[in-house]
Amino acid sequence: MANGIILMKNASQLDKVDSTPRYLCQRCGNCCRWPGDVRVTEEEVGKIARFLGMRETDFVERCTRLNANRTGLSIIDKPNGECLFLEGVNECRIQPVKPGQCAGFPNDWNFPGWREQCEAIEVT
Ligand code: SF4
Ligand code: SF4
């Protein structure tokens, strides 16, 4: 977690942003390490479970938890606080089917001060 600041991975509470400017992810992996919810929709649960070769019920039981405001599921964290699916510094084990919340940051949503935590480069 950068600078000890508690940040939310939770897109639903945060600012939806205009489509411009656009930012290009530099794959620093910071957004996979800060605390908060990595939300998964019901549809995403199915996709991720299939990708991992797991039954949905096993995936839900072993890889998810109730999110902070108890409205759905989030991917669990490792004991060190990073996302369960982060491998090494910046590899996502479920990259082809990662949740929309992950894919949408920072262009579709972000939060005040996100530029200090994210290494994405402005491209437009
Ligand atoms: S699912 Fe992948 S992209 Fe999303 S927080 Fe976890 S490791 Fe990062
Ligand atoms: S913090 Fe920003 S640059 Fe780093 S992986 Fe996440 S979106 Fe990409």
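Student: Leaving aside neighbours within four places in sequence, which residues is Phe59 in contact with?

Tutor: Two residues are in contact if their C-beta atoms, placed from the backbone, lie within 7 Å. Here, Phe59 touches Val45, Ile48, Ala49, Leu52, Met54 and Thr64 by that rule. Bear in mind that this is a predicted model, where local features need pLDDT of at least 70, side-chain atom pairs count only at pLDDT 80 or more, and totals for chains, interfaces and linings use all residues. Residues are numbered from 1 along each chain as its sequence is written, while chains are lettered from A and ligands numbered from 1 in the order in which they are written.

Student: Is Phe59 buried or exposed?

Tutor: Buried means 20 or more other C-beta atoms within 10 Å of a residue's own, exposed means 12 or fewer, and partly exposed is in between. Phe59 has 21, so it's buried. Across the chain's 124 residues, 24% count as buried.

Student: Which residues have the most contacts inside the largest nonpolar core?

Tutor: In soluble globular proteins, nonpolar side chains tend to be buried together. A nonpolar core joins buried Ala, Val, Leu, Ile, Met, Phe, Trp, Tyr and Cys residues through C-beta atoms within 7 Å. The largest one here has 17 residues, and Val40, Val45, Ile75 and Cys83 have the most contacts inside it. At least two of its residues come from each of helix H1 (42-52), helix H2 (56-63) and strand E5 (73-75); helices (H or I, at least four residues) and strands (E, at least two) are DSSP runs, numbered from the N terminus.

Student: Where is Phe59 found?

Tutor: Look in helix H2 for Phe59.
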